[in-house]
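Look at the fold as a whole before turning to single side chains. The paragraphs after the picture follow that order.

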Amino acid sequence: MIVSDGICFVKIKIWLNIGRAERLRGFLDRESDRLNHWKLSKIDVAGQYKWDEFTAAIRETFERSDSSRGPRRVILGDDKRRARVAAIKSVLDSVRYPDKDVTFAHGPDPKTSVGTRMFDA
């Protein structure tokens with residue numbers, strides 16, 4: 001009934017990955033900014049020391065949840081603007097709709113979307 005009404009269900013899994021150096025830079029910026037220092041918590045700082053453990057947990061999550069029917073798209077998030085555009089393009093690429101502009105709504109850009117190969121290093 002829902003599908004016959006034109007409603008589309010698509011499984012989209014997007015992970016915005018922010019590198020360790022960019023995360024630290026952001027924390028340092030917040031620490032020195034009087035208007036944004038409240039956004040920095042003790043948990044954020046402690047998390048920097050558990051980076052390797054978090055990365056291992058993320059890797060395990062990807063291994064358990066990635067599938068051909070719902071592949072995970074990993075987008076490099078160090079450049080916020082590019083990451084947001086890449087996420088929008090990924091969603092538009094995954095959905096079929098009339099008059100789709102494939103010059104914009106296309107598969108992942110290798111400069112911003114790395115898939116799970118980010119763990120291959």
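The text below goes from the chain as a whole to one pair of rings.

This is a predicted model, in which local features need pLDDT of at least 70, side-chain atom pairs count only at pLDDT 80 or more, and totals for chains, interfaces and linings use all residues. Residues are numbered from 1 along each chain as its sequence is written, and side-chain values use heavy atoms, with hydrogens and water left out.

The protein chain holds four helices and two strands, where helices (H or I, at least four residues) and strands (E, at least two) are DSSP runs numbered from the N terminus. Read from the N terminus, their order is β-α-α-α-β-α. Along its principal axes, the C-alpha trace covers about 50 × 35 × 30 Å.

How much of the protein chain counts as buried? Of its 121 residues, 20% do; buried means under 20% relative accessible area, exposed over 50%, and partly exposed in between (1.4 Å probe, protein chains only).

Now the rings. Rings of Phe, Tyr and Trp (its six-membered ring) pair if their centres lie within 6.5 Å; planes under 30 degrees apart count as stacked, over 60 as edge-to-face and the rest as tilted. By this rule there is one aromatic pair. W15 and F62 form it, edge-to-face, with 5.8 Å from centre to centre and 80 degrees between the planes. The pair links distant parts of the chain, since W15 is in strand 1 (residues 13–17) and F62 is in helix 3 (residues 51–65), 47 residues apart. W15 is partly exposed, at 29% relative accessible area, whereas F62 is buried, at 4%.
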